[in-house]
Amino acid sequence: MSERAVVIGGGAAGMFASIQLAKRGMDVTVLEKNEKLGKKVFITGKGRCNFTNVCDEETFFRSVMRNPKFLYSAYHAFRAQDTVEFFENAGMPVKVERGRRAFPVSDHAYDVTDALKRLMKRYGVNVLLNTEAVRIETGGEKQVTGVYFRSKEKNTDSQEEMGYAAAERVIIATGGLSYPSTGSTGDGYRFARETGHTVTDCTPSLVPLLTEENVSELAGLSLKNVTLTILKPKKMSSEIGEMLFTHKGISGPLVLTASSILAGEKCTFPVGAEIDLKPGITEEELDRRIVRLFEEHGAKNLSNLLRELFPVSMINWMIRLCGLDGTEKGRDVTRKERNILVRMTKHFPLMITGNAGYAEAVITKGGVSVKEIDPKTMMSKKIKGLYFTGEVIDTDALTGGFNLQIAWSTAFAAGNAPD
Ligand SMILES: Cc1cc2nc3c(=O)[nH]c(=O)nc-3n(C[C@H](O)[C@H](O)[C@H](O)COP(=O)(O)OP(=O)(O)OC[C@H]3O[C@@H](n4cnc5c(N)ncnc54)[C@H](O)[C@@H]3O)c2cc1C
């Protein structure tokens with residue numbers, strides 16, 4: 001009889017691990033509680049799926065925010081370039097965009113899931129949809145023995161009425177807590193705890209931030225070429241980049257990165273922050289530019305003149321923030337008023353009161369402790385035959401395709417772990 005493996009979760013890591021296991025001739029069953037496989041993959045990269053990042057190795061590990069060292073073996077065994085080749089061989093042409101981000105040429109995330117589903121079919125993976133894993137069984141020898149599960153139609157809590165899949169290997173690929181609407185509701189953490197593992201503190205990461213200021217009038221405004229500085233618990237300034245205002249706060253690449261840094265700090269909200277709206281020039285240079293502008297167009301009023309400096313939808317906000325009068329003529333603006341304008345442009349203040357929560361978080365910071373997982377095989381150090389892959393592990397990265405690469409690399413390691 002061939003070895004039996006049960007994969008809990010048919011997301012990125014679960015689908016990929018099932019292919020690796022089935023390729024080796026194992027009898028593989030994937031349990032997925034949703035009605036379809038890869039529900040989260042469909043919404044990744046705004047529906048285009050930025051499935052990896054073909055950066056150099058150093059950049060990859062620099063982009064992993066938590067426990068990069070844990071990923072050394074797994075990444076070296078299956079790198080970003082291997083991911084690209086894997087999908088190309090699976091019949092999915094690939095393109096690389098700005099920042100070395102890789103996407104399917106079609107710009108359709110479902111091509112990634114389709115490629116995985118084709119291979120799962122080819123290697124005979126048995127898929128049970130609408131099926132939720134409920135409990136992992138372990139024998140006296142601290143060896144995994146199988147998984148209890150229930151189907152949606154038979155929503156039972158009685159163990160006698162549940163299905164049972166006996167297995168020598170169980171792969172936990174349940175994801176984390178982010179975007180629970182896609183099926184990742186933290187079940188993997190429960191399985192880990194029930195089998196004696198430590199789960200580190202979890203918190204939403206790569207998530208929009210909320211502000212004390214009511215910024216709804218700025219919602220939708222995207223600011224390019226700005227920097228964001230978080231003032232506490234330690235001062236952290238971003239590189240020049242893009243951010244945007246939402247109805248309740250701020251989002252966009254700079255903000256998601258800041259949220260990931262904040263997730264790693266033991267900080268209590270509120271946290272002060274500021275935006276430099278003109279990071280390319282100093283305060284003195286900005287002041288000279290404003291003096292010139294107000295001299296050359298001194299008859300125009302401030303509301304009109306500020307169009308030269310800020311997006312139109314921001315002007316009323318800036319005028320209020322600086323305590324200025326929008327009808328004042330440029331030539332009448334005093335040095336004191338100009339100084340305030342310069343200061344607020346370089347230090348646009350915001351008070352961050354929290355984040356938008358798991359419902360809007362791209363990733364979960366925290367998870368099953370890496371101290372209890374063998375980094376070469378992803379097998380538990382406590383229960384033989386039990387493996388962890390993907391987001392359920394306490395490792396996470398910045399945006400750019402790195403998180404899915406973590407899913408592929410850890411799933412490859414688990415799927416190819418020796419007998
Ligand atoms: C909006 C959004 C956009 C993103 N974009 C990108 C991107 O472009 N690039 C990138 O690298 N990363 C991106 N990510 C992150 C990426 O999607 C995750 O890192 C990745 O999906 C994690 O894979 P996983 O297989 O570990 O978990 P998931 O993809 O979450 O899969 C877990 C699966 O397990 C199933 N499951 C859970 N519990 C059970 C149970 N008890 N029984 C049966 N099944 C169960 C779930 O239904 C789910 O299908 C994005 C995330 C979000 C939310």
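Two strands are taken to pair if DSSP finds at least two bridges between them. Strands (E, at least two residues) and helices (H or I, at least four residues) are DSSP runs, numbered from the N terminus. The model is predicted: local features need pLDDT of at least 70, side-chain atom pairs count only at pLDDT 80 or more, and totals for chains, interfaces and linings use all residues. Residues are numbered from 1 along each chain as its sequence is written.

Strand β11 (residues 169-172) pairs with two strands, β1 and β21. Strand β1 (residues 4-8) runs parallel to β11, joined by 4 bridges. Here Val-7 stands opposite Ile-171. Strand β21 (residues 386-388) is also parallel to β11, with 3 bridges. Its residue Tyr-387 is the bridge partner of Ile-171.

In a regular strand, side chains alternate between the two faces of the sheet. In β11, Arg-169 and Ile-171 point one way, and Val-170 and Ile-172 the other. All four are buried (20 or more other C-beta atoms within 10 Å of the residue's own; exposed, 12 or fewer; partly exposed, in between; C-beta atoms placed from the backbone).

Backbone exceptions occur in loops. Lys-46 is not a glycine, yet has a positive phi of about 55°. Lys-46 lies between α2 (39-43) and β3 (52-53). It is exposed, with 9 other C-beta atoms within 10 Å. Asn-67 likewise has a positive phi, near 55°. Its loop joins β4 (64-66) and α4 (72-77). Asn-67 is partly exposed, with 18 C-beta neighbours inside 10 Å.

The peptide bond from Phe-269 to Pro-270 is cis, with omega near 5°. Pro-270 sits in the loop between α8 (253-264) and β18 (271-276).
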